Amino acid sequence: MSEPHVDQGLPARVLDDADLARIDASLAATDRLLAEDYPGDSGTRQPVHTVYVPADRFTPQLAAEWGAAALAAADEAGGLEALARRVGLAPALAAEVAPRVQAKLTSEPIEDLRIDFEDGYLAPGKAAKAGGDPDAVEDGGAIRAADSVAAALGAGSTTPFVGIRFKCFEEPTRRRGLRTLELFIARLAQNGGLAGLGGAQVGLVLTLPKVTTVDQVKAMVFAVERLESALGLDPGRLGFEVQVETPQLIIGPDGTHPVAQLPHIADGRITALHYGTYDYSASLQIAAAYQSMEHPVADFAKEVMQLAVAGTGIRLSDGSTNVLPLGDAAQREAAWALHARLVRRSLERGYYQGWDLHAHQLPTRYIATYAFYREGLEAATTRLRNYVNQTVGAVLDEPATARALAAFVLRGLQCGAVGADEVLASAGLTELELTHLAHPRLAAATN
């Protein structure tokens, strides 16, 4: 008996054009959501830290002064290489990292500077010494801050990212915070400072603290829209960060996560979420001695933040440690070891930015950060080379993992931990090729 005939062609079509059109129509809203609300990371540089200084202490020379103070503190401890070994780096890695940290602290000690009009500004009694009426003093401080930023730009001494943190939008401080924001931006527009700063994710950074509700963020969107209109700025010119410092933003009164709504109600203006270690911990009644970036309540909040902004392009920043290396030799060594460990811990958990509160924290910020990227460099570039060349190695990487590998190396390159020559030699990739591999949507947009 002969075998039945088997058609070697394609099976008969079941889903016709009408079916496909119906599916497309049903998923149009999903397509828009993914394209508009989940564009992925922009590929622009993210600073490794934010330095906060009270507004009355800011001068155009502050970054250089902090760099010199950081190097002096490290020298007192025996030098950067010795300090790197004492905070846990192997001798070979310490020798590799130290000259790069030396160069960083000399040329670009602060990546992101926030001139602070909130915590630490005009403490009780300080306003009287500064001239009396607190509102008049802060008005003058906002003007001076804008003029100092413009002066730093003119002198070439500004930090890559700079801006202000103003008072929160709770009722007692709302109008004061808005007035400081208005004065600072208007003065920058007047003195030419805005022209020297980049867009929402590069250069100028505004920080909205102690956010409790989605409505406070909507109010901030309205405020910057009005400022743009009144000052003749391009729409969308003013972006801002949101500080997550209250439990109500993590879990709202209706049981939802308000923080997850933020990327979808701010017209793309939110550039980052910053975790506030001490306000958040205190809100949950954590005893002062146990308030820390690594307390379980902190980890929970930061995991929710991470989920809330995944894929949106909004960056994340961890908080700070208030244990400063300012005591005797033993205290400094313990504080440096703690800081270096916490920086490394944040990096391992996908938080690539944190806060630094004193110049003496800069050595361990860069030691820990540079060690993180240099330790992983060889493995990452080997895997990238195998992926690009379609060579089967010890690890078979998928496209998503290749993007993560490229993003890791790119971050190390952007902060100075690794050099473009090293990446080209080991991975065979230029910085532009690495950027496009890490951010394929960016590559598609530029082609």
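Let me begin with helix α7 (residues 134–155) and helix α8 (residues 174–191), which pack at an angle of about 35° with their axes 8 Å apart. The axes are lines fitted to C-alpha atoms, for helices over the stretch in contact, and the angles run from 0 to 180 degrees between N-to-C directions. Helices here are DSSP runs (H or I, at least four residues), as are strands (E, at least two), and both are numbered from the N terminus.

Two remarks on the source are in order. This is a predicted model, in which local features need pLDDT of at least 70 and side-chain atom pairs count only at pLDDT 80 or more, whereas totals for chains, interfaces and linings use all residues. Residues are numbered from 1 along each chain as its sequence is written, and side-chain values use heavy atoms, with hydrogens and water left out.

A crossing is right-handed if the near helix is turned clockwise from the far one by less than a right angle, and left-handed if anticlockwise. From α7, the contact is made by Asp 135, Glu 138, Asp 139, Ala 142, Ile 143, Ala 145, Ala 146, Asp 147, Val 149 and Ala 150. From α8 come Arg 176, Arg 179, Thr 180, Leu 183, Phe 184, Arg 187, Leu 188 and Asn 191. Contact means heavy atoms within 4.5 Å. These residues divide into nine nonpolar, two polar and seven charged. For the classes, Ala, Val, Leu, Ile, Met, Phe, Trp, Tyr, Cys and Pro count as nonpolar, Asp, Glu, Lys and Arg as charged, and the others, Gly among them, as polar.

Helix α8 also holds Arg 174. With a relative accessible area of 36%, Arg 174 is partly exposed. On this scale buried means under 20% relative accessible area, exposed means over 50%, and partly exposed lies in between, with a 1.4 Å probe and protein chains only. Not counting residues up to four places away in sequence, Arg 174 touches Cys 168 and Phe 169. Its C-alpha is 31 Å from that of Tyr 38, a residue 136 places away in sequence.

Cys 168 brings us to the cysteines. Cys 168 is buried at 5% relative accessibility, and Cys 415 is buried at 4%. How many disulfides does the structure hold? It holds zero, a disulfide being a pair of cysteine sulfur atoms within 2.5 Å.

I turn now to α14. The axes of helix α13 (residues 329–348) and helix α14 (residues 362–388) come within 8 Å and cross at roughly 40°. α13 and α14 are therefore oblique to each other; angles under 35 degrees count as roughly parallel, over 145 as roughly antiparallel, 65 to 115 as roughly perpendicular and the rest as oblique. The crossing of α13 and α14 is right-handed. By class, their contact has eight nonpolar, three polar and four charged residues.

The contact of α14 with α15 has 14 nonpolar, five polar and two charged residues. Among them are Phe 372 and Tyr 373 of α14, and Leu 405 and Cys 415 of α15. Phe 372 and Tyr 373 are also among the α14 residues that meet α13.

In the loop between β8 (354–356) and α14 we find Ala 359. Ala 359 counts as buried, at 4% relative accessibility. Leaving aside neighbours within four places in sequence, Ala 359 is in contact with Trp 66, Ala 69 and Ala 70.

Finally, the backbone. Most residues other than glycine have a negative phi. Lys 210, however, has a positive phi near 50°, and lies in the loop between β4 (204–208) and α9 (214–231). Gln 285 has a positive phi of about 65°, in the loop between α11 (277–283) and α12 (296–309). Are these residues buried or exposed? Lys 210 is buried, with a relative accessible area of 15%, whereas Gln 285 is exposed, at 70%.
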